[in-house]
Amino acid sequence: MEQGEEEMVRPFPSAQSPQATRQRPVNARISRIRIDWEQQYRRAVIISDAVATAFVVAGIGGFFGVRDAADWHEKWGILAFGTELLVLGALAVTRAWAPAVLGQGAEEFRRLGRSLFTAAVVLALGGIALTSHNIKLWIFVAIPAITLVTMTERYLLRVWLHRRRNEGRCLRPVLAAGSPATVRDLIARTRKYPHLGWKVEAVCTPYALGPGGDRLDGVPVVGRLTDVANHVHRDGYRVVAITPDPYWSPDRLQRLAWNLENGEAEMVVAPVLMEVAGPRLHVDAVLGIPMLRVSMPAFTGGPRAVKAVVDRLGAAVLLVLFAPLMLFVGLLVMADSHGGPFYRQHRTGKDGRQFTLVKFRTMAVGSDRARAELAELNEGAGLLFKLRHDPRVTRVGGVLRRYSIDELPQLFNVLAGSMSLVGPRPPLPEESAAYNPDIRRRLLVKPGLTGLWQISGRSDLPWDEAVRLDLRYVEDWSLALDAVILWKTLRAVLRGQGAY
């Protein structure tokens, strides 16, 4: 303990005292039981990936058939068996089975896609070396089919895991160590989002909290920051979450990391300078000093070009698929109230340029003029104007809004290039005019038909949270994140949460 440290802390029960023993949230045996689910889930993912790959390989053989015995060796002896080995090997090499990425975030699917792409490249090079005539079948049919099946299987497993986590099971026991304010924020976040898999079961703070202060938001305070390693080794926590506090100097963090070696606890340090995640965040060693390197947001380049192509093709395909539904909805809108089926409104797009947004009309004609009379009843957050029971909404319009069917015509905006399938919410001109410089960063990309705001609660979100989600999307965008948002949008639409 360095000089002066005693003055910054107040007495706290020692790790060996009876009081500290009573405060233990878990013991080693219980913690071991709780950790077992991680290995079971990982085992289930590996087995499911292997079965899915074998199923696709066998299905291709059954569908395309083997013409004669001479084809058996080339098609199955090498290509079929080799394809499965390549896929499973690539999954292992790219650490697509790492427990840290299973069950949460876009990284799991990003690694899965990277491993399958690697397998396809190796398979292509192998086919060239072997001068195989059947290699195209396995590259352009087998690998895409394996990708579709494995991603579906991974998603179903994730749904099952998240359901159990929402029930309070399959959670990693966490010891949080930091200032009371930052620890309290971490506790609130883990309770709000249990599907992320963390449960703060104990807290270490730099000082005792005073009379009756042996609990922080219901979580036992088991010791000071100097006691973290002892509690982890004794009670078997799975995660040690380090939150900001002046006590945490680089030397102390390094010593704590050394003390946690050879254990199963994962040490996680919360960054305090900025909220950045995803592919922009890297850890580099500069002159022997570990540094967080934050790359600039990419608003141009190859991935953005791919996004533009996917937007146009996706919008065209969806318009064809939904054409009968859109025709039927248009007739319902006109039959329910006087006026045309569509409503056009000016919105602010990329770089502040205005465009005309198209959607199905859900209100009576002329409702815009009645907005001023309803201003006092506004239930929207921040700059938004929203009413849960807006008297201007028609009967058909209420159903369309609940299931976001009124937004289908925005596919024309995506096709025209003024919107994207995924992006921030398109604001009204008067909203964007009131943006401060920070919020205006939402306008660096095209607005989206869906986005993080839609899958996270839509109109039910507080204004600050909606802004944070949009800025997070702008800063940390990736193709994998778009894929996850599109996948989750269907569930959000069916639930209708926050849609009014």
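User: Which strands does helix α7 lie across?
Analyst: Helix α7, residues 228-235, lies across β1, β2, β4 and β5. Helix α7 runs at about 165 degrees to β1. Axes here are lines fitted to C-alpha atoms, for helices over the stretch in contact, and angles run from 0 to 180 degrees between N-to-C directions. Helices (H or I, at least four residues) and strands (E, at least two) are DSSP runs, numbered from the N terminus.

User: What kind of model is this?
Analyst: This is a predicted model, where local features need pLDDT of at least 70, side-chain atom pairs count only at pLDDT 80 or more, and totals for chains, interfaces and linings use all residues. Residues are numbered from 1 along each chain as its sequence is written, and side-chain values use heavy atoms, with hydrogens and water left out.

User: Back to α7. How many of its residues are buried?
Analyst: 6 of the 8 residues of α7 are buried, so the helix is mostly covered. Buried means under 20% relative accessible area, exposed over 50%, and partly exposed in between (1.4 Å probe, protein chains only).

User: Which ones?
Analyst: V228, A229, H231, V232, R234 and D235.

User: What follows α7?
Analyst: G236 follows α7, and its phi is positive, near 70 degrees.

User: Now the sheet. In what order do the strands come?
Analyst: The order is β3-β4-β2-β1-β5-β6. These 6 strands form an open sheet with mixed pairing. Two strands pair if DSSP finds at least two bridges between them.

User: Which strands stand at the edges?
Analyst: β3 (215-216) and β6 (266-269). Each has a single partner strand, so one side of each is left without a neighbour in the sheet.

User: How do β3 and β4 pair?
Analyst: β3 and β4 (residues 219-224) are antiparallel, over 2 bridges. L216 stands opposite V219 in β4.

User: Which strands does helix α6 touch?
Analyst: Helix α6 (residues 180-192) packs on the sheet and touches β1 (172-177), β2 (198-205), β3, β4 and β5 (239-242). Contact means heavy atoms within 4.5 Å. The direction of α6 makes about 170 degrees with that of β2.

User: And β1 with β2, parallel or antiparallel?
Analyst: β1 and β2 run parallel, joined by 6 bridges. A177 stands opposite C204 in β2. β2 is mostly covered, with 6 of its 8 residues buried.

User: Where does R224 sit?
Analyst: R224 is in strand β4. R224 is buried, with a relative accessible area of 16%. From R224 to Y207 is 6.1 Å, C-alpha to C-alpha, though they are 17 residues apart in sequence.

User: New topic. Where is V101 found?
Analyst: V101 is in the loop between α3 (69-93) and α4 (107-130). V101 has a relative accessible area of 8%, so V101 counts as buried.

User: What is V101 in contact with?
Analyst: Leaving aside neighbours within four places in sequence, V101 is in contact with R95, A96, E107, E108, R111 and R158. The C-alpha atoms of V101 and R111 are separated by 8.9 Å.

User: What hairpin do β9 and β10 form?
Analyst: Their hairpin has 5 residues between the strands. D351 in the turn has a positive phi of about 60 degrees. β9 (residues 342-348) and β10 (residues 354-360) pair in the antiparallel sense over 7 bridges. V358 in β10 is the bridge partner of R344.

User: What span should α14 have?
Analyst: The 14 residues of helix α14 (residues 463-476) should span 20 Å at 1.5 Å a residue. The expected span is 1.5 Å times one less than the number of residues. The end C-alpha atoms of α14 are 20 Å apart, which agrees. In α14, 10 of the 14 residues are buried, including W463, L469 and Y473.

User: How many helices and strands does the chain have?
Analyst: The chain has 15 helices and 12 strands. Buried residues make up 46% of its 500 residues.
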